[in-house]
Amino acid sequence: MEPAALRIERTTRASRLGAVGAALVLIALVSLPAWGDPSTMRILVEFIALLVLAQMWNLLAGYAGLVSIGQQAYVGLGGYALIVLADDLGVNPFLSVPLAGLVAAAFALPTAALVFRFHGGYFAVGTWAIAEVYRLLIANTPALGRGSGRTLTAVFPLARETREVTTYFLALAIGVAALVGVYVFLRSRYGLGLMAIRDSEPGSETLGVDVFRTKLVVYVGVAFGTGVTGALIYLNLLRISPDAGFSINWTAYTIFIVVIGGLGSLEGPLIGAALFFLVREYLSDYGASYMILLGTLAVGVMLAYPQGLWGMVAERWDLRFFPVGRRVSLDPSPGPSPQRGEGEGA
Amino acid sequence: MAWVDTILQGLLLGGLYALFATGLSLIFGVMRIVNLAHGDLSILAAFLAVVVVETLGLNPFLTLILVVPLMAGLGYALQMLVLNRLLGRGILPPILVTFGFSVIIQNALLETFSADSRRLNPGGIETASLSLGGGLAIGWFPFITLAVAVLILVGLQLVISRRSVGRAFRATSDDQETAELMGIDNRRLYGLAMALSLGIVAVAGVFLGIRTTFTFSSGPDRLLFAFEAVIIGGLGSLWGTLVGGAVLGIAQTVGAKLSPGWGILTGHLVFLAVLLLRPQGLFAKARRIG
């Protein structure tokens, strides 16, 4: 028998549809300042910020297996870097946002040297402890306003509308860059290596994946993305304090979004972030109860359906809008449910 | 002399930290998971003691008679109903579920008891002190805390080294699968370990509430101090946690004396220094408990 021609599928019908849908959504979002009102823009900036935080944490925990509970360190560092760059060093405040990511990444390198000594649960607590160290160091630095924090004054000369529209477009650019960046990274050979590490660390090592290096690249890259997002958040809020910037809530929101939406997929955080926003909008009047509800939901999902809401949908209808895996199918008649290839699934 | 006094106070504070650390270390030793709600559960115990004091008018020390079994029962239920269902699913689910509990407990405490800070008042003993001569004095209460911590550690050591349940703990700690093949019921054993851990955490929480004020959000710091004491002392070493607690306590009191606001930070920095210079901890016993 002639060897069957194998074809590697990297797109799905849903992903082609998804690309069209994403383009339409993007057009709507880009034109929003022309027809939307400022409060919608502010909410969208907030939404994009949480979505990017979630995508970053998902890459870290869902793909690289680095379950950090200390990502608030990079939100805070990014926020403070924005204020130091824009107010103290006179850099353009909007340009300071990506630069703040570089500052966060620079802090991530020595941090990794410490926390990479831990594994599993102790890695989680270790990252949390280091985030506290950064919070306390900043809270004890007079130039950074100690415990009461700082206000971003560099944007005051700008007209309110200019500031809001520019912040909105910046957020949009960050959101698209994060989504495309994570997608391209996961589809690259490094992404394949990363998924191999997730599935079996010793196995991937014997196949020539540099486990330490790959994890380090992801950790520092995610710190960059988280730092940029932290700067974006405080460009929107204009005021930062150590307790707010380094609040564990950033990580709690992120984790609930990813876990409920679906860990280890790109679609999951989108669904999770949308759900998180809905719950918060409708229940925040009831004080802390929305966090109790989201926490319970996250624990329930983890127990009963660890793939999250998106995992449920993807499995039921075999839908993948952002396929990062590779499927092997027989040419020329790809079956309706091709065999799962490497790097597929969670 | 003032410095000797500071170090002495720090040493006694270490007794409290060792109490927090022991429960964390026990759970990690037996089932290799880290309970991220550890600190919040201790604060829950302190609030339970507040409720008992307010309804029954008991002395805070006596509330332990109720709070310890309650927390132990909660621990057993938590393990049997929730955490055991996550066994064999990798490192991620236990971390995320216990973190979820941490957030749930904090917000539930906030809803129930408001954001006000509370304190347990045992009626004078918390301020009484014992003169050691030469201008040195130690508080009775910190001394009692350290003594209780040592007693609990001795008791735990005896259980682990002498009793059959301790043998089972050590066996699962070494090799879960083989222990199971030898007829050990891991699930029930884990339930017992969690019950023991939360029983000790209840003591720690009530003692914390007598020593200082606490709020719904005091939990995470307790988890971090416990974790740091465990790492400084060396993973898996019960007595190491006592030393780790003492090192952390001394670092915090010395730091606070140098500059207010630097107390907790100095503790964290000493922890990082140990991590950098002696990552296996001061008394490492690789992958074992006891």
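How many residues of chain B are in contact with chain A, and how many of chain A with chain B? Keep both chains on screen to find out. This is a predicted model, and the predictor gives the complex an ipTM of 0.89 and a pTM of 0.89.

**Stop 1: where the chains meet**

Select the contact between the chains. On one side are 36 residues of chain B; on the other, 33 residues of chain A. Now colour chain B by helix. Three helices each supply at least two residues of the side that touches chain A: α4 (92–113), α9 (219–233) and α11 (263–277) of chain B. Go to α4(B) among these. With 15 residues, α4(B) gives the most to this side of chain B. The side of chain B that touches chain A has 29 nonpolar, four polar and three charged residues.

**Stop 2: the two domains of chain A**

Domain 1 of chain A puts in 16 residues and domain 2 of chain A puts in 17.

Stay on the domain 1 side. Helices α3 (38–63), α4 (72–88) and α7 (160–187) of chain A each supply at least two residues of the side that touches domain 2. Which of the helices of chain A gives the most to this side? Pick α3(A): it gives 10 residues, the most to the side of domain 1 that touches domain 2. Colour this side by class. There are 11 nonpolar and five polar residues, and no charged ones.

**Stop 3: α4 and α6 of chain A**

The crossing of α4(A) past α6(A) is left-handed.

Show the side chains at the contact. From α4(A), take Q72(A), A73(A), G76(A), L77(A) and Y80(A). From α6(A), take I130(A), A131(A), Y134(A), R135(A) and I138(A). By class, this contact holds seven nonpolar residues, two polar and one charged.

**Stop 4: α3 and α8 of chain B**

Bring chain B back. Select helix α3 (residues 60–81) and helix α8 (residues 186–211) of chain B. They pack at an angle of about 145°, and their axes are 7 Å apart. Here α3(B) passes α8(B) in a right-handed crossing. Colour the contact by class again: 19 residues are nonpolar, seven polar and one charged.

**Stop 5: confidence**

Finish by colouring both chains by pLDDT. Chain A averages 87, with 92% of its residues scoring at least 70. Chain B averages 89, with 97% of its residues scoring at least 70.

Where in chain A is confidence lowest, and where is it highest? Strand β4 (residues 327–330) of chain A is the lowest element, with a mean of 68, and α4(A) is the highest, at 97. Next select residues 334–346 of chain A. Their pLDDT is below 50, and the model gives this stretch 25 contacts beyond near neighbours in sequence. Last, select residues 286–290 of chain B. The pLDDT there stays under 50, and the model has 18 contacts for them beyond four places in sequence.

How values were computed
Residues numbered from 1 in each chain as written. Chains lettered and ligands numbered in written order. Predicted model: local features only at pLDDT ≥ 70, side-chain atom pairs only at ≥ 80, totals over all residues. Contact = placed C-beta atoms within 7 Å. Helix = DSSP H or I, 4+ residues; strand = E, 2+ residues; numbered from the N terminus. Nonpolar A, V, L, I, M, F, W, Y, C, P; charged D, E, K, R; others polar. Left-handed = near helix turned anticlockwise from the far one by under 90°. pLDDT = per-residue confidence, 0-100. Axes fitted to C-alpha atoms, helices over the stretch in contact; angles between N-to-C directions.
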